[in-house]
Amino acid sequence: MPENYLVEDSLFLFDAMDAMDSLPLIILYEPRVLIRHGLCLQLQELGHQVIACLSPDQLTEEICSQSDAAKVLLVGAAGLEGMLGKILRTLHFTKTLSLKTVVYLPQKEELLTRLFIASGASYCLTEDELGSRLPLMINDVSLRTVRGKHFSLSELNVLLDYSSGLQTQEIATRRHCNYKTVFTFKRNARLRLDIDTKAGWMNLLSAMAQLSSYCK
């Protein structure tokens, strides 16, 4: 084989390896086994390294790992059961990191989209859009800075307390604060989500509860 062919083949191999190294690492949290396996295959076919996390604790470890690789956090919102609060707090934590976060919902739901964005997600899409839009979301370098109005941690905690069925005075006791302070956090959370009626607030709590009803 001519020497120049060997050089060209080597350069092609190095270019391919560089391209793979430049792709972001995908940290995936998807509770449903079949969808998790399908997404891993889809992303690996695109050249990504994928770390599929089986628990919120493992997810946090991978997010905080000391790696120079660019990272994208990909979270499936359905089937979270009792993990919704932990996932929302994890998203809130990622606001301090150089990390793009994409959440996908079972179907289009404006209230839940606002919830995840306010908690810290960079973007929300639906499961039907995973094949067509997910690669664009992963590779969009501007996506990390496209943010909505974010909850404070106290606002998020109070919202999660309400979603678990606690009443205002119970939340005040749990959070060691005055009930008026709880009302303030609730009001601020509603403002960030553009909810201005009691019915809208109840719809949000109902939508959060329904996320746990999707089968794994």
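Visitor: How many disulfides does a search of the whole structure find?

Guide: A disulfide is a pair of cysteine sulfur atoms within 2.5 Å. Here the search finds zero. This is a predicted model, in which local features need pLDDT of at least 70, side-chain atom pairs count only at pLDDT 80 or more, and totals for chains, interfaces and linings use all residues. Residues are numbered from 1 along each chain as its sequence is written, and side-chain values use heavy atoms, with hydrogens and water left out.

Visitor: Is Cys 53 buried or exposed?

Guide: Buried means under 20% relative accessible area, exposed over 50%, and partly exposed in between (1.4 Å probe, protein chains only). Cys 53 is buried at 1%, whereas Cys 177 is partly exposed at 25%. Of the 216 residues of the protein, 43% count as buried.

Visitor: What share of contacts in the protein between residues at least 6 apart in sequence joins residues at least 24 apart?

Guide: Contact means heavy atoms within 4.5 Å. The share is 69%.

Visitor: How many helices and strands does the protein have?

Guide: Helices (H or I, at least four residues) and strands (E, at least two) are DSSP runs, numbered from the N terminus. The protein has ten helices and five strands.
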